[in-house]
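This report covers charged groups over rings, aromatic pairs and nonpolar cores in one protein model.

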Amino acid sequence: MPTTTRRNRGSGRDMAALLSDFGHDLPTIPTLAPEAKEPRIFKYAPRRGAARRGRGWAPASAPAQAWRMTSDQAPVFWPFVSAPALPPTGAQMGVDQLSGGSFYCDPFGWVLRDDVPATNPNIFQFAKPGSGKSGTTKAFCTRMMPFGYRTLVTGDVKDEYESLCRALGVEPFVIAPGFWARVNPLSMGPLGDGWEKLSAEEAQRRATIIFKRWLVLVRGLVGSMKIDDERRVPFGPDESDVVRNALAILTGYAAGNTVLQETTIPRLWDLLRNPTEELVRACEYANPRVFLDETRLLRNALGELVTGTLAGLFDDFTNIEVDWRAPIQSFSLSRLDGLGDEAVGIALLCMNSWGRGLREIAEPGDLRIVVRDEVWKQMRLGTAAVASFDADLRLSRGMAGKGGDIQFCNLHKPSDLLSVGDADSQAAMIAKDLLELADIKILGAQKPRVARELDSMLGLGPIAQDLVSGWAMQDKGRALWCIGDATYKVQTVLHPLEKKLYYTNEAIEAAG
């Protein structure tokens with residue numbers, strides 16, 4: 001046998017080759033390619049530093065992590081990455097800080113589009129005093145005027161809109177003791193016009209709307225009165241039945257009159273103090289004595305409105321003519337400030353009900369921005385007052401596309417909504433639901449604690465929370481605009497003339 005040389009050592013045939021000579025093939029083992037490593041996000045510096053001039057060293061590796069997620073999940077960590085651009089329609093408010101382009105606000109236009117996540121045109125603005133909240137509100141109102149919108153300020157508590165009204169050639173109305181203007185919150189408004197020409201069906205429909213609005217108002221007024229420090233005057237089904245029957249008698253609706261007669265709160269109070277047999281029978285009481293005993297708290301609450309701090313303001317027929325064709329109308333309540341927050345809240349409740357009555361029949365294309373300042377003063381009047389505010393917000397959605405209102409509500413902080421009662425009370429539950437009736441939320445500068453409150457109510461996330469308490473605090477007019485579930489970082493831009501017109505620190509400087 002020849003000796004194996006070094007040259008051919010190990011070059012013999014393997015077992016698989018030998019078996020194949022006899023017709024037997026061994027199964028082959030597939031060779032796997034080595035798994036490719038993902039490229040590193042960062043190249044770490046060695047502990048002793050790179051051997052080049054100007055290079056440093058790192059005592060530990062950076063805690064870099066790689067994440068994989070869909071575009072729907074990414075906004076959880078980066079809430080401003082996937083927000084789609086809004087159409088350039090409506091009021092040009094300022095600059096979108098993320099895209100660098102202009103930011104436009106068009107609430108009704110957004111509602112009518114399928115690609116914008118807004119189902120109602122109402123706006124809630126939360127911002128601390130002095131952060132440009134009123135400037136943003138006035139800029140929106142004036143910049144929407146070229147698009148056919150008019151502004152209604154149902155209660156200017158601080159006379160912030162006085163200079164804007166006069167610049168537009170409108171003199172604001174003053175509601176205060178000693179002034180001539182009177183507003184009847186039980187006015188029928190446009191629904192009372194042409195009653196004698198209406199069909200039975202239309203008369204029934206209008207009467208239902210009118211009496212429903214009156215009941216909401218009276219419930220709010222009565223429910224705002226306190227029995228003691230903890231309890232308010234109840235307004236249940238019995239009280240509702242009494243008020244409804246009394247109003248039907250006073251207006252002539254119970255007698256089937258073809259024309260309804262307008263009434264007032266003092267006349268309602270007088271009828272409850274001196275009930276007729278018709279009223280006692282309609283309310284199913286045994287006799288007038290039982291009626292008076294059962295309605296004592298209701299009468300006392302209405303009497304407080306007639307003879308109390310707001311006597312002479314909302315207890316007579318309306319004596320003002322409102323020019324609804326004017327670009328703006330405002331009703332000043334600043335002179336009621338000395339009567340206390342509760343009195344101002346009641347005045348706001350009356351004005352809002354009266355304003356809603358005048359807007360119940362809006363002409364096609366009659367678009368209006370209803371500004372509501374100091375909302376918290378009405379919210380603290382109890383459950384019925386909150387329900388009245390809730391009813392106003394719900395009207396806007398059904399008016400899109402014809403005549404319609406944008407309710408622009410200004411608040412300082414989310415606790416304004418939570419101050420209506422205990423955390424689990426009915427009023428608190430209604431107040432929380434109000435946020436669902438405004439798909440547009442403007443979140444201005446806030447302290448960190450308030451920013452955390454907003455986060456708990458709206459689910460902003462840590463990045464948005466830091467922007468509200470950091471970036472927005474650094475200049476006026478900075479805010480996060482939440483349109484449905486999309487968020488935009490916006491800087492409101494004002495012209496120098498607008499800054500002069502919208503400036504609200506004038507009173508502070510004069511006092512200083």
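## Charges over rings

Lys138 is placed over the face of Tyr161, at 5.3 Å from the ring centre. The model is a predicted one. Lys489 has its charged end over the ring of Trp471, 4.8 Å from the centre of that ring.

## Aromatic pairs

Nine aromatic pairs turn up when the whole structure is searched. Phe124 and Phe126 are edge-to-face, because their ring centres are 6.3 Å apart and their planes stand at 80°, where over 60 degrees counts as edge-to-face. Phe124 and Phe126 are both buried.

One aromatic cluster is formed by Phe103, Trp481 and Tyr488.

## The largest nonpolar core

The largest nonpolar core has 67 residues. Those that touch the most other members are Leu268, Leu272, Phe291, Leu302 and Phe314. At least two residues of this core come from each of these helices: α5 (200–223), α6 (237–251), α7 (265–273), α8 (277–282), α9 (288–294), α10 (296–307) and α11 (341–358).

What does Phe291 contact, leaving aside its neighbours within four places in sequence? Its contacts are Val242, Leu272, Pro275, Leu279, Val280, Cys283, Tyr285 and Arg299. Of these, Leu272 is, like Phe291, among the residues of the core that touch the most other members.

## A separate core

Another core, of 37 residues, lies apart from the largest one. Its members include Ala139, Val170, Ile440 and Ala486.

Technical notes
Residues are numbered from 1 along each chain as its sequence is written. This is a predicted model: local features need pLDDT of at least 70, side-chain atom pairs count only at pLDDT 80 or more; totals for chains, interfaces and linings use all residues. Side-chain values use heavy atoms; hydrogens and water are left out. A nonpolar core is a set of buried Ala, Val, Leu, Ile, Met, Phe, Trp, Tyr and Cys residues joined through side-chain atoms within 4.5 Å. Buried means under 20% relative accessible area, exposed over 50%, partly exposed in between (1.4 Å probe, protein chains only). Helices (H or I, at least four residues) and strands (E, at least two) are DSSP runs, numbered from the N terminus. Contact means heavy atoms within 4.5 Å. Rings of Phe, Tyr and Trp (its six-membered ring) pair if their centres lie within 6.5 Å; planes under 30 degrees apart count as stacked, over 60 as edge-to-face and the rest as tilted. A charge sits over a ring if NZ of Lys or CZ of Arg is within 6 Å of the ring centre and within 35 degrees of the ring normal.
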